[in-house]
Amino acid sequence: MCGIVGILGTTPVASLIVDGLKRLEYRGYDSAGVATLERGRLDRRRAEGKLRNLEARLREQPLDGLIGIGHTRWATHGRPSERNAHPHATDKLAVVHNGIIENFRELRESLQADGLRFESETDTEVVAQYVTREMRRTNDPVAAVAASLAQFRGAFALAFLFDGEEDLMIGARRGAPLAVGWGEGEMYLGSDALALAPFTDTITYLEDGDWVVLRHGGAEFRDQNNAVVQRPKQKTSAGAFLVDKGAHRHFMAKEIHEQPEVVGRTLAHYIDMATGRVRLPFEVPFDWSDLDRLTVSACGTAYIAGLVAKYWFERFARLPVEIDVASEFRYREAPLPRKGLALFISQSGETADTLAGLRYAKENGQKILSVVNVPTSSIARESDVVAPTLAGPEIGVASTKAFTCQLTVLACLAVAAGLARGTLSESEGLRLVTELIAVPGLMAETLKHEHEVEQVARDLSKVSDVLYLGRGSSFPMALEGALKLKEISYIHAEAYAAGELKHGPIALIDETMPVIVIAPRDALYEKTVSNMQEVAARGGRIVLISDAHAAAESGLDGLENVVMPPMGADFAPIVYAVPIQLLAYWAAVALGKDVDQPRNLAKSVTVE
Ligand code: F6R
């Protein structure tokens, strides 16, 4: 997490750096800072809180330098404060950092033993001090960084600016992403292409372990052994996407409403609309029918997409699926089958745990398939084959359209696997594709009832705890409902498989506890009705998300119904995501929460 921007410019850069940082605020937003060289001398401004606070500080005390670095922070070491905000500086240099220096304690002790004093509680200040000590030894910034990088353990992206060096910036990448942008007599450094989109569409990604020496005239790349290497320039389309809220109050609202369009766009990429058949837009470097097992791993909402997909792969393709959150998978030394495929799901493609899980699976002989939204990301680049989601940039911290696009891609992959393994007949395949093609229209229909969901959410915003229930593929959707509500409204929510209720959580039920039941009319619907009866018998308040007919069929009095259009059951999770997201969104709005940038969170989690 944390966002980095650096500019070697020809005009004052501070406000341009802040523009770039605004595009990175999704990576963290608890404090921010900029340093530039003014007549060769380092000067910096920092502020606690969102970027607007830094902008205010820069208005009061402008920075006029033509070369500078900036940072927006998601705190790992040291609480959010101006003192802990980046850039961290010495008399020789300023540095910004994304990631964690894991051995910072031992390095700090050695530096303190040399009489150096620390101002902040951060691991980053160790980098500033360590490189400064090397500079006193070598008197050469490039040699000092080269000697220092090998001493840092952990995952990081760094950008350095040096006192008295108007034509030098150094970037380094290990684990966390970093890109170089090419301009006309100007050079740029940024955490991703989106940050650099206002300045250039020509990008070079640093490979893992690379570092780069930037001057106004160009860049020299070195690998982890300090050998000079060539890295390709790429054209990016990041700038083509307008990052604004349109007519919506929040990015999250805009992204929820974009779903019929982006899910439709994603479907069109995977389905031949003329024949109604799935047509994967890439060759798979494995044989579906030869696979023994699919191992899935991801984090957060992307993990929940994987949980839904487990039901699809097992049902359509009879392919056993094992799934785990990536932070567990990467360390649990799972034995992996000889004929195994590993699937990683990630919006950003940079999530540290997911990337580490991918590397583990690769080392253990698995073919790697990834479902990602950022095709140039680390996860995409390290996969054998990439199945893109065409959601476009997702800015709201809570994942919405990326999630439904992940589900859409996973549904197409599961159907393709079923057909290839002979576990789905041609006619079943065609029926499933017909159901999939109906999804964007059903999402649009559901969005028309937003006002009703808003009313339910207003009531929800008055309680302190909520229970979500679902069966089958609606169980992961219950997990997603609880996650969304927690992260943006801060209302405590838990999710259970409806059949588990009686094994413990039923003790929580009383008239104050809303129970949100996600139950499309599928083969398990009657079982879920029995669980609703158990809740009703104990005075619980039920909100049923299902179609009106199903609600009437339940025979329960006093049921609140979030009315869904009738639909086939197989891909209902993709459509049912919409009311789940809207409930969380409107509850958070009713509570006056910061919907797009909830406290303590960041969009891209590049630390463990
Ligand atoms: C929740 C949310 C997170 C992400 C998770 C993984 O709304 O957005 O749980 O899903 O941090 O991120 P990616 O998909 O970028 O790997």
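Here are some friendly questions and answers about this predicted model.

Q: Into which domains is the protein divided?
A: Let's walk along the chain from its start. Residues 3–247 form domain 1, and residues 449–590 form domain 3.

Q: How much area do domain 2 and domain 3 bury between them?
A: The C-alpha centres of these two domains, domain 2 and domain 3, lie 26 Å apart. Their contact takes 26 residues from domain 2 and 24 residues from domain 3. The size of an interface is often given as the accessible area lost when the parts come together. For domain 2 and domain 3, 70% of the buried area is on carbon and sulfur atoms, and the total is about 2000 Å².

Q: Which residue meets the side chain of arginine 431 in a salt bridge?
A: Side chains of opposite charge can pair when their charged atoms come close. Across the interface of domain 2 and domain 3, the rule finds two salt bridges. For arginine 431, the N to O distance is 3.2 Å, which is within the 4 Å cut-off, so the pair counts as a salt bridge. The partner of arginine 431 is aspartate 570.

Q: Which helix gives the most to the side of domain 2 that touches domain 3?
A: Across the interface of domain 2 and domain 3 there are 11 residue pairs in polar contact. On the domain 2 side, α7 (251–257), α9 (300–317), α13 (401–421) and α14 (426–437) each supply at least two residues. With nine residues, the helix that gives the most is α9.

Q: Which annotation does UniProt give for residues 2–217?
A: Over residues 2–217 the chain is 26% helix and 33% strand. The end C-alpha atoms of this span, residues 2–217, are 28 Å apart. The name in the unreviewed UniProt entry is "domain: Glutamine amidotransferase type-2".

Q: Where does UniProt place the feature "domain: SIS"?
A: One span, residues 282–423, is 42% helix and 20% strand, with end C-alpha atoms 22 Å apart. Another, residues 456–598, is 42% helix and 20% strand, with end C-alpha atoms 21 Å apart. The unreviewed UniProt entry places "domain: SIS" at residues 282–423 and 456–598.

Technical notes:
Residues numbered from 1 in each chain as written. Predicted model: local features only at pLDDT ≥ 70, side-chain atom pairs only at ≥ 80, totals over all residues. Heavy atoms only, no water. Domains from an automatic or database assignment. Contact = heavy atoms within 4.5 Å. Buried area = accessible area lost by both parts, 1.4 Å probe. Polar contact = N/O pair within 3.5 Å; in protein donor to acceptor, adjacent residues only side chain to side chain. Helix = DSSP H or I, 4+ residues; strand = E, 2+ residues; numbered from the N terminus. UniProt positions renumbered as here; feature names shortened; annotations may be inferred.
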